[in-house]
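Visitor: I have never read a protein structure before. Could you walk me through one?
Guide: Gladly! Let us look at it together.

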Amino acid sequence: MHERSLVQDLLRQVERLMCEHGARRLLKVSVSAGEFSGVEPELLRIAFEDLAPSSAARGAVLELVEVPLEARCGNCDHLFRVRRFQFQCPQCRGREVVVVRGEGLVLESVTLEYDEP
Ligand SMILES: [Zn+2]
């Protein structure tokens, strides 16, 4: 299952962050899943609920934001939403477009809890 390995990667990133910041507990993790990432939000949640309890993220809340596919035109620099996989700039009709958002799964933020000083 694709989502399962994504969650494993995500948990590794979270554990590294917690270690770097000396955090005791993870309260919340926010991730964005791109429209074009092939991620099934429901399967991602199931994988998280399955894997998180045996990781440093146990008890944490998963916040999942779905983001649309956006691209930037290499010709006129126009930023636009890609619809129906039309990779063409709506402004200048250029086809040299670069996807800037909406691919893959991105760790956006974490909410950490620290030990009392
Ligand atoms: Zn353009």
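Visitor: Let me start with the metal. What is the geometry of the zinc ion's site, judging by the angles among its four donor atoms?
Guide: Keep in mind that this is a predicted model. As a general idea, the ideal angle for four tetrahedral donors is 109.5 degrees. Here the angles among the four donor atoms run from 103 to 115°, and the site of the zinc ion is tetrahedral.

Visitor: Which residues coordinate the zinc ion?
Guide: Cys73, Cys76, Cys89 and Cys92 do, each through its SG atom, at 2.3 to 2.4 Å. Along the chain, these donors follow the spacing C-x2-C-x12-C-x2-C. Cys73 sits in strand S3 (residues 70-73), while Cys92 is in the loop between strand S4 (79-81) and strand S5 (97-101), so this pair, 19 residues apart, links distant parts of the chain.

Visitor: Is Cys73 buried or exposed?
Guide: Cys73 counts as buried because its relative accessibility is 2%, and buried means under 20%. Cys92, at 29%, counts as partly exposed.

Visitor: Now the helix H1. How far apart are its end C-alpha atoms?
Guide: They are 29 Å apart. At 1.5 Å a residue, the 20 residues of H1 (residues 2-21) should span 28 Å, so the two values agree. After H1 comes Gly22, with a positive phi near 60°.

Visitor: Which residues of H1 are buried?
Guide: First the general idea: an α-helix has 3.6 residues a turn, so residues three or four places apart point the same way. In H1 the buried residues are Glu3, Leu6, Val7, Leu10, Leu11, Val14 and Met18. They cover an arc of only 140° around the axis, which puts them on the same side of H1. On the other side, Arg16, Cys19 and Glu20 are exposed.

Visitor: What covers the buried residues of H1?
Guide: The cover includes strand S1 (25-34), helix H2 (41-51) and strand S6 (105-113).

Visitor: How many residues does the largest nonpolar core have?
Guide: It has 23 residues, and those with the most contacts inside it include Val7, Val31 and Leu44. H1, S1, H2, strand S2 (61-67) and S6 each supply at least two residues of this core. The largest share, six residues, comes from H1.

Visitor: Which residues is Leu44 in contact with, leaving aside its neighbours within four places in sequence?
Guide: Among them are Leu6, Val7, Val31, Leu62 and Leu105. Apart from this core lies another, of seven residues, including Cys73 and Cys89.

Technical notes: Residues numbered from 1 in each chain as written. Predicted model: local features only at pLDDT ≥ 70, side-chain atom pairs only at ≥ 80, totals over all residues. Heavy atoms only, no water. Helix = DSSP H or I, 4+ residues; strand = E, 2+ residues; numbered from the N terminus. Expected span 1.5 Å × (residues − 1). Buried < 20%, exposed > 50% of the residue type's maximum accessible area, 1.4 Å probe, protein only. Arc of directions from axis to C-beta. Contact = heavy atoms within 4.5 Å. Core = buried A, V, L, I, M, F, W, Y, C linked by side-chain atoms within 4.5 Å. Donors = N, O, S within 2.8 Å, 3.2 Å for Na, K, Ca; no water. Tetrahedral: all angles 85-135°; square planar, octahedral: opposite > 155°, others 65-115°.
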